[in-house]
Every structure is written in C-alpha cells, then in structure tokens.
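Biologist: I am new to this structure and would like to learn how to read its features. Please take them one at a time.

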Amino acid sequence: MAACNFNGLRSIYHRIFIIGLSVLLLVQLLVSLTVPRASSDASGDEPAFLVISIERRGGSASSEVRKNERGLESDVLGLLTDEAESRLTGYQDENELEGRQATARELILQPWASEQPSFFSELQRLTQFITTTEVNCSVMKGSDGNQSTLAPGHLDALCINHWKGKGGCVAYSFSLDRKDAVFLDTMLYAGCEVHRFDPSGRGSREPASIKYHRAWLDWRNPRRHAGLVGNVQHRLLDIMDSLGHTMVDVLRMDLESAEWRILESWIKDGSLRRINQLILTIHLQWAGFEVGGAEEEVVRFWYSVLRALHISGLQLVHSAHGPGHIVLRHKLADSHSSYTLSWIRTGEQRR
C-alpha cells in the first residue's frame, strides 16, 4: 500500500514539473516578443552592421557612418569610421575631382598614384602625362614664315592646325635666358602684337616691333602699380589689364622653377582661361619656389597643377625634354630635368 502511494506522488510531481517548465518557456517567449533587445546576440540570424552613406555637401563628397539599432561598441565604431573615411578619401572618382576643379578657384590635389604614397609611382604618372600628346599638330610655323613639319626636338612649337590668330593676335614671352628669339620672330611673322617681359633690362636691345617691358610675373597678390613701369612684379591679369588685353593667343614662359606657384595662382584667379596656347618649360631638378614637402608630395603637387591645365580646356600638343636626368636630386636614366610643353585650346574649347 505504501509503495502504491509513493508511485502516485512521484507521478504527480513529474506532471507538475512538466507543466511548470512549459509555463516558464511560454513566459520567456512572450517577454522576448514584447521587450526590445538592447544588444546583439551572437547566435542571432542577423549580424551587427555599419551603414555608410556618402552625401553631397557644399559641392564635395562627405561620408557619414551610422550604427544600426542593434549597436556596436563605441570604440570599435570609431576605428571602423576612421578606416572607412580614409578609404573613401583615397579612392574618390577622378572624374568627380575634375568636375570640382573645373569650377573651383583653388587647386584640388589629385589622388595618390598608388595605394601607398610613393615617389617613383608619382613620377611615373607625371612622366606619362607630360609625354602623351592629345592633339595632332603635324604642321608648325617657323621664324621664316614658312610652314614645316614639326621636328621632334623643336621646343617653341606654334601649332597652326588650330591657329585662329590670322590678325590682331597677341603674344607674350616671359624669359630670363633670352632663348625666346625664335619664338619672338615666329610671332612677328604671324602678324602678332608681341610683348616681351624681362626684369633684367637686357631687353632694351629688342627691335622696335617687339614691345619690351621690364616687368615680371608674381604668384602672390602684389600691390598694383599704374602701368608697367620699372622693375616691378605683377599678376598676369594685372599685366593684361594694363595693356588692354582680354585674351592672349600665345604665351611662352620659362620661369626657372617659379612656374609651379605661378600656374597655381592662374588656377585661382582664372588666368588660364584667358590663354589660347601656352608654351611652358617645367623644371624638375628641385621642388620650386615656395614648394615644399616630401618628394612624393612634391611630384603629386606638380601633377595636380598640370592636370588642372588640362581641366581648364588646354590640351597637350607637343612635348620635348631638355638636358639632364636629375629629378629632385635623383639621377634617373628614364627621366629628364626639364620639359618644354605646348598646350593649345582647340576651336571648340575657345571662348
């Protein structure tokens, strides 16, 4: 009899345990459905994630990183945010940069040539850019007034394939070394109004047909003077205003390493868009006046400046290298210390 009572009690206890366990599971399920979870569960089906959005703010791309409602630890989010933003900055679309540079009044640095900043990667990109012509100019006008085939080593190449200056053209020459004699003669034969700028005073021996000015270019914003009097530095826009010119058909300049800051100033004040053909000598032996930074930063700056010329509508029509193989103190067999580049604004790009 006692054994029967014991078996009955054990059966009752077992049923109570099963019912209680079922009630607890049901309560846990109801709580999980009604109370939002504050943190992520490692065994859940959905992983925690970052939402990265890129928005346009003030004409430039900006990145925003948000955490979803399941959350991530704040310190981990900070690390991921920094990495995401650095990658977004490093891989901006070059077409977007060109669009921004076309309307900007500041120089926009181009992305690095490689994932890690490298002097040789930057130099390779620069060299390829300045030796790859975009416009076919098979015929040039020489100082004797005759047309001839463009010689490979010719420096002052007046491209007449797209030449519009049949009359009333204006030519400027900025040169300290007096190597612009052929250019000056060519412009005279082309019927241009020719102006030569040299602060040394040696230009007083120029023929009367060439208008000589003892003045020079400056990339800063010097105090304006009435006219071009004395050995004074001027911005290009101020020189043009003083002479009554709104456009320069051909401008030649060899500024002995001051060209980088001069060109940058022309990007800022819009002077580039007032030049139809630019014959430019660039010097690579050293960084240039008021240009500093690591070697890879300097070459990247050079490339960005020349890229801005292209974005302004000028296209490379001729490239000729000078003597020497020194680039920022490196002696490199495949590179040269200077290049003379001819850029032209074709008919559809003229204003």
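This is a predicted model: local features need pLDDT of at least 70, side-chain atom pairs count only at pLDDT 80 or more; totals for chains, interfaces and linings use all residues.

Biologist: Which cysteines form the disulfide?

Modeller: Cys-169 and Cys-192, with sulfur atoms 1.8 Å apart. The link is left-handed, with -110° about the S-S bond. Helices (H or I, at least four residues) and strands (E, at least two) are DSSP runs, numbered from the N terminus.

Biologist: Are Cys-169 and Cys-192 buried or exposed?

Modeller: Cys-169 and Cys-192 are both buried. Buried means under 20% relative accessible area, exposed means over 50%, and partly exposed is in between, using a 1.4 Å probe and protein chains only.

Biologist: How do I read a helix in those terms? Which residues of α5 are buried?

Modeller: In α5, the buried residues are Phe-183, Leu-184, Thr-186 and Met-187. They cover an arc of only 160° around the axis, so they lie on the same side of α5. The arc is that of the directions from the helix axis to the C-beta atoms. After α5 comes Gly-191, whose phi is positive, near 85°.

Biologist: What does Met-187 touch?

Modeller: Met-187 belongs to helix α5 (residues 181-189), and it counts as buried because its relative accessibility is 0%. Not counting residues up to four places away in sequence, Met-187 touches Leu-158, Ala-171, Cys-192, Val-194 and Val-250; contact means heavy atoms within 4.5 Å. Ala-171 is 16 residues from Met-187 in sequence, and their C-alpha atoms are 6.8 Å apart in space.

Biologist: What is the general idea behind a nonpolar core?

Modeller: In soluble globular proteins, nonpolar side chains tend to be buried together. A nonpolar core here is a set of buried Ala, Val, Leu, Ile, Met, Phe, Trp, Tyr and Cys residues joined through side-chain atoms within 4.5 Å. The largest one has 51 residues, and Phe-174, Trp-266 and Leu-306 have the most contacts inside it. Helix α8 (residues 295-311) gives the largest share of this core, nine residues. Apart from that core lies another, of 12 residues, including Leu-158, Ala-171, Met-187 and Ile-210.

Biologist: And charged side chains? How many salt bridges are there?

Modeller: Side chains of opposite charge can pair when their charged atoms come close. The rule for a salt bridge is a side-chain nitrogen of Lys or Arg within 4 Å of a carboxyl oxygen of Asp or Glu, and the count comes to nine. One of them joins Glu-106 and Lys-268, at 3.9 Å from N to O. This pair links distant parts of the chain, 162 residues apart: Glu-106 is in the loop between α3 (94-103) and α4 (119-130), and Lys-268 is in helix α7 (residues 259-269). Glu-106 is partly exposed, at 48% relative accessible area, and Lys-268 is partly exposed at 35%.

Biologist: Which other salt bridge does Lys-268 form?

Modeller: The side chain of Lys-268 also meets that of Glu-264 in a salt bridge, at 4.0 Å from N to O. Glu-264 and Lys-268 are separated by about one helical turn because they are four residues apart in helix α7. Through shared partners, salt bridges join Glu-106, Arg-261, Glu-264 and Lys-268 into one network. Elsewhere, Asp-198 forms a salt bridge with Arg-196, the closest N and O atoms being 3.4 Å apart. Asp-198 is buried, at 0% relative accessibility, and Arg-196 is buried too, with a relative accessible area of 0%.

Biologist: Last, how do I read an aromatic pair?

Modeller: A pair of aromatic rings is described by the distance of the centres and the angle of the planes. Rings of Phe, Tyr and Trp (its six-membered ring) pair if their centres lie within 6.5 Å; planes under 30 degrees apart count as stacked, over 60 as edge-to-face and the rest as tilted. The count comes to nine aromatic pairs. The rings of Phe-119 and Phe-120 are edge-to-face because their planes are at 70°, with the centres 5.0 Å apart. Phe-119 is buried, with a relative accessible area of 6%, whereas Phe-120 is exposed at 52%.

Terms used:
Residues are numbered from 1 along each chain as its sequence is written. Side-chain values use heavy atoms; hydrogens and water are left out. A disulfide is a pair of cysteine sulfur atoms within 2.5 Å.
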